[in-house]
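Welcome! Take a moment to look over the structure below before reading on.

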Amino acid sequence: MMELLQRGERPTAAHFGGMDELLARSSVVTSSDFASEFLSILVGEVAASQTSETTSLFAAEIIQAATDDIALNEMLDTVSRMTPLDEGAAKRLFDHLLASGFDRTLATSFRTAALRGALLFAGGSSKRLAKLSGELSYHGCDDDPYFVAHAIRIAGLLYANEPSSGLRDLITASLSMPDVADQTHFELGMIAFRTATDETSPKDVAATLADAQQHFDSAAHGRSSRHDAIAFSCAIGVLRGFYDDAVVPDLKAASARVEEAASMFYNYSAREGWPFDQSRALEVAALTSVSRKVAALSSSMADPIWLEGAATIENELIEAYCANRSVAGGQPERGLGAILRPRIERGVSSNPRHAEMVHTWLRRFAIGAPAEFEPLSRIVAGALDVSRSFTEAADGQPTFVAVVERLRSSSVAGTQELAAAIEQSAIVDALHTSDNIQRILADIGSSFDALEDFRDVARSRFLMICWKLLRFMEHRLDSTAAQDPTGAYLFHRAGEPMPLEKELQSDLLAFLHRGNMPSGDEIRGVAGGRADIEVKIDRHRFIIEVKRELSDASFDNILRSYGAQAKTYQATNVKVGFLFVLDLSKNVQSTPDIENCIQIRRGVLFDDGIDRGMILLRMPGNRIPPSSA
C-alpha cells in the first residue's frame, strides 16, 4: 500500500490479490496503518446493491478498530456511501459506537465522532433510533461542552424525525451552557419553525415563526459563523413581512440577505458538514428559493399587468401558494400557506387583470390539479371581470394592447410618450415588411403547423425571430459596402483572405441587439456545448448556429454537414431552430433573390425519431455589385 501511494496510484483490490483475498485477511487489514485506504477500496468496488454479510462485517471490523477521531470520521464518511449495511453489522457498529460515545474515559473528539457514527448506523431501524434518543435524553448535558453541542445537533435531527419530550428537555436544558448556546438556540428555532408549519391559524403561525426567528437571531449572535441561522432568520423575515404587507424594497433587501447567508453557509458547511446528512442544506436551499419567490411576487403584485403572465404565475405565485409543501412537506394550506395565501388571494381578487391571467393559467395548466388550488380558483372566479381580456388565451401572455395599456396606466414620466412611440413603430414595421417576407413567414407557419413546440407563445416568439432574420437578410442583400461598411465582408475582395463565420455571427448579433432582442453569443452550457447565438425569452431558448461553407452551399449539404450540431442545441428546449451559413462556395456571385436564401425543413430530419423544424439560411458572400454581374 505504501508503494502504491508513493507512486500516486489508486489502490484497487487487484493489487492485493482480489477482493476475496482482502476479505480473508481482515485481521491484518484492521491492524494496518492504512485501514482507511482498505475501506475505501471496499466501498469503491462493492456497490450498495451488492453489500453482503461478509463485506458488511469486513467494514464493521475496520471501523471498530479505529482509535482516533480523524480516522473514524474519515471511515464514517467513506462507508456512508455503502449503507445500509447488513443488519448484523449495522447493529454491531451501532452498539459499539454508542457505547464509545458515552464513555468518558475516551477523548472528547473521539466520542463525538462515535456519536455521529451511532446516528449513521441507527438509520433504518426504529429500535436503534429510539435507543439513541433515549440514551441522549438520559445522558443529559452534564458533559464536555464540545460533546454536548454535537449531542444537541443529533437530538435536533432525531426530534425532527420523531418528536419526544425527552429530546426537547435535553435541548432546553442546554440553554444554561453558554458554550453551546448557538447550537441550542438553532435547534430550538428549528423546533419552533417545524411547529409553525403545522399550525392552521395565520396568527398562530406568525407568532410561532417570530419565536423561531428570535432563536435563530440568538444563535447567530452567539457565533458569527452561524450562516444557517442567519439564512433562516432572514427568510422568516421575508415570510412575516409579506404577511404584514411590508413594502417591496424591504422584502427584496431581506431576500438578498437570505441568499448571501445561504451562500456563506454552503461554503462553510462544505468543510464541516456531514455527507450522510444533508437535511439542513436542503432546508436552507428550499427557504432561500421560497423567500426569493415571495419577494419577487410582492413586486409583481404591484404591477397593473403581468407582461409575462405564465412565468409570473408559475415561478412566483404558485411557488408561494404551495410553499408549506415544498419547504416542510406539510399540508399546503397550513403553516407558510396560512400566512402567504391571504395576501396572494387579496392581491389577485383586487386586480381583475391578474385574476384573468390566473384563471387562464389554472384552466390551461392545472386541469386535474390537487385540491390545494380550489381556494385560489374560487377567488379568481369571484373576481373576474370578463368584459375585457388582456391576455392570450393559451399562455397568460400579454397581447400588444395589454403592453400599451400598461404603459398608459403608469404614472411614471415618459410612459405615455413611450406608448405612442411603440404603437407607431409597430405600424411602420407592419407597413414596410415586404410581400416576399410575409409569404416566407406564411410558408413557415403552414410548414410547422401541428409541430409540438410551435404553438401558443413559443410559435409567436419563433416567428418573431424568423422575421428579424429575414429583415437582416433583406438589409444585407440591399445595401452596398459603401452604404454600410460593416457589411463589406460579404463582397468580393481580390487578394484578401476569406471572411470567417465569426464576422457573420457578430454582424447578426449586432443587428439583433439594435432591435432589443435578448440575445448573446458563444453561450456555454447548452446541451453540453457552446451555442453561437442564443435568443432566450423566459423558458424558451432558440439557437442560431452560424457556419461558413467554402465548397458546397446547397441546402441538402448544409443540413447534412452542420445539421447534427444545430439539432443538438435543441436537446433540452424547443425543437425548432436555425442554421445560418455564410456562403463562400463561389469565387464571385451576384445578389440572389431572398426566397433562394432560405429553406424550411420539417419532419424527422435525423435518426432520432423526433419531429422538429429547422430554418436554413444562406447569406451569399463574395458578391459583386449589379453593374458587374
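Predicted model: local features only at pLDDT ≥ 70, side-chain atom pairs only at ≥ 80, totals over all residues.

Residues are numbered from 1 along each chain as its sequence is written, and side-chain values use heavy atoms, with hydrogens and water left out.

**Nonpolar cores**

- A nonpolar core here is a set of buried Ala, Val, Leu, Ile, Met, Phe, Trp, Tyr and Cys residues joined through side-chain atoms within 4.5 Å. Buried means under 20% relative accessible area, exposed over 50%, and partly exposed in between, using a 1.4 Å probe and protein chains only.
- The largest nonpolar core has 62 residues, and the members that touch the most others are Phe-121, Leu-132 and Leu-136.
- A second, separate core has 60 residues, among them Phe-186, Leu-251, Met-357 and Trp-361.

**Helices α4 and α5**

- Helices (H or I, at least four residues) and strands (E, at least two) are DSSP runs, numbered from the N terminus. Axes are lines fitted to C-alpha atoms, for helices over the stretch in contact, and angles run from 0 to 180 degrees between N-to-C directions.
- Helix α4 (residues 35-45) packs against helix α5 (residues 53-64) at an angle of about 160°, with the axes 10 Å apart.
- This angle makes α4 roughly antiparallel to α5; angles under 35 degrees count as roughly parallel, over 145 as roughly antiparallel, 65 to 115 as roughly perpendicular and the rest as oblique.
- Ala-35, Leu-39 and Leu-42 of α4 make the contact with Thr-55, Phe-58, Ala-59, Ile-62 and Ile-63 of α5.
- Sorted by class, this contact of α4 with α5 has 7 nonpolar, 1 polar and no charged residues. Ala, Val, Leu, Ile, Met, Phe, Trp, Tyr, Cys and Pro count as nonpolar, Asp, Glu, Lys and Arg as charged, and the others, Gly among them, as polar.

**Helices α14 and α19**

- The axes of helix α14 (residues 227-243) and helix α19 (residues 336-349) come within 8 Å and cross at roughly 40°, so the two helices are oblique to each other.
- Leu-239, Gly-241, Phe-242 and Tyr-243 of α14 meet Leu-336, Ile-339, Leu-340, Arg-343 and Ile-344 of α19.
- The contact of α14 with α19 has 7 nonpolar, 1 polar and 1 charged residues.

**Two residues of α14**

- Ala-235 lies in helix α14 and counts as buried, at 1% relative accessibility.
- Apart from neighbours within four places in sequence, Ala-235 is in contact with Val-258, Leu-287 and Ser-291.
- Arg-240 also has its place in helix α14, but counts as partly exposed, at 27% relative accessibility.
- Not counting residues up to four places away in sequence, Arg-240 touches Ala-206, Leu-209, Ala-210 and Gln-213.

**A residue in a loop**

- Cys-141 sits in the loop between α9 (126-139) and α10 (145-161), and at 19% relative accessibility Cys-141 counts as buried.
- Setting aside neighbours within four places in sequence, Cys-141 is in contact with Val-148, Leu-170, Ala-173, Ser-174 and Met-177.
- Cys-141 and Ser-176 are 35 residues apart along the chain, with their C-alpha atoms separated by 9.5 Å.

How values were computed: Contact = heavy atoms within 4.5 Å.
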